[in-house]
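Trainee: I would like to learn how to read a few features from a model. Can we go through them in turn?

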Amino acid sequence: MRITGRPAALLASAAAVSALAALAGCTVQPQGTDAKRGLPVHIQLPSSPAAAPTGMAGTTPTTPPPRVTTPTPAAPPAPPPRVLWAHGSSGPAVRELQARLRQVGWLSATPTGTYGPQTVRAVLGFQGKRGLPATGRLDTVTWQRLLAMTHRPTRWELYPMGGQPAAAPDARCMTGRVLCIDKTSRTLRWMIDGRTVDTLSVRFGTQYTPTREGVFKVYWKSRHHVSTLYHSPMPYAMFFSGGQAVHYSADFAARGYAGGSHGCVNVRDEAGIARVFAQVKVGDKVVVSR
């Protein structure tokens with residue numbers, strides 16, 4: 001049957017709408033049986049060309065999976081600093097440590113070269129004051145911090161109370177019975193025929209009352225001597241040049257090299273000078289050298 005006029009136009013319009021709906025992904029609601037107009041045509045237009053893949057009109061694009069990242073493994077913790085010395089250590093390096101701790105006021109005791117309880121407490125205090133791990137052991141970090149705050153100890157900072165190594169004996173001390181005294185090392189060797197029998201730390205006269213140098217002989221021994229000039233005790237005195245003698249000094253024992261004598265050779269080790277006094281004879285040689 002051929003349809004002409006307005007009905008034909010309506011059919012053509014409906015066909016156009018259906019074609020548009022197919023292209024744009026819309027749904028066309030047909031008219032009801034009562035010839036009333038159905039619900040409006042709903043057309044869903046894609047927001048962008050990527051919203052609806054080709055050939056899949058009316059579908060929602062798939063969301064890509066989340067990107068998975070592998071966490072970077074944490075770096076291993078740094079190893080603790082290496083311990084250089086601790087309780088029970090001994091030697092020249094420990095003596096230097098003690099001298100440096102004295103410079104910054106953390107140790108009042110005389111350096112001994114032995115890492116004892118006083119040194120442990122001093123290191124603990126130094127570490128705690130500077131925010132370092134307070135272990136009481138001297139590690140590389142603590143040592144570097146202490147080095148930066150102090151100067152290299154002098155010989156007499158290392159041995160303020162004696163105990164320093166003796167120098168090689170003077171050639172004049174190699175024969176006979178000799179009190180061999182060295183001003184540079186501040187030591188006395190009691191020697192017999194070139195062999196060292198005993199070694200003691202000694203102290204000398206000051207700038208204005210220096211100890212005389214040269215070769216002498218012991219001319220008098222006085223076990224309980226008291227100075228008639230200075231009225232001070234001079235026990236175990238062995239006189240070798242005028243009023244100058246080798247003797248025990250309580251002041252040297254108490255203050256070390258912070259003081260000086262009036263020209264005598266002071267010894268701080270009372271037991272040591274007692275041993276030497278018992279062996280030395282009047283007439284034995286005395287060599288005082290620098």
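Trainee: Are Cys-173 and Cys-180 buried or exposed?

Mentor: This is a predicted model, and in it both Cys-173 and Cys-180 are buried.

Trainee: What joins Cys-173 to Cys-180?

Mentor: In general, a disulfide is a covalent bond between the sulfur atoms of two cysteines. Here a disulfide joins Cys-173 to Cys-180, with an S to S distance of 2.2 Å. The count for the model is 1 disulfide.

Trainee: Which hand does the disulfide of Cys-173 and Cys-180 have?

Mentor: The torsion about the S-S bond of Cys-173 and Cys-180 is about 80°, so this disulfide is right-handed.

Trainee: And is Cys-264 buried or exposed, and why?

Mentor: Buried means under 20% relative accessible area. Cys-264 has 9% relative accessibility, so Cys-264 counts as buried.

Trainee: Next, a helix. Which residues of α4 are buried?

Mentor: An α-helix has 3.6 residues a turn, so residues three or four places apart point the same way. In helix α4, residues 140–149, the buried residues are Thr-142, Trp-143 and Leu-146. Viewed down the axis of α4, these buried residues fall within an arc of 95°, so they line one face of the helix.

Trainee: Which exposed residues does the face of α4 turned away from its buried side carry?

Mentor: That face carries Gln-144 and Ala-148.

Trainee: What covers the buried residues of α4?

Mentor: The cover includes β1 (83–85), α2 (92–103), α3 (117–129) and β2 (138–139).

Trainee: Which backbone nitrogen does Asp-139 reach at the start of α4?

Mentor: A side-chain oxygen of Asp-139 comes to within 3.1 Å of the backbone nitrogen of Val-141.

How values were computed:
Residues are numbered from 1 along each chain as its sequence is written. This is a predicted model: local features need pLDDT of at least 70, side-chain atom pairs count only at pLDDT 80 or more; totals for chains, interfaces and linings use all residues. Side-chain values use heavy atoms; hydrogens and water are left out. Buried means under 20% relative accessible area, exposed over 50%, partly exposed in between (1.4 Å probe, protein chains only). Helices (H or I, at least four residues) and strands (E, at least two) are DSSP runs, numbered from the N terminus. The arc is that of the directions from the helix axis to the C-beta atoms. Contact means heavy atoms within 4.5 Å. A polar contact is a pair of N or O atoms within 3.5 Å; within protein, one must be able to donate a hydrogen and the other to accept it, and residues adjacent in sequence count only if both atoms are side-chain atoms. A disulfide is a pair of cysteine sulfur atoms within 2.5 Å.
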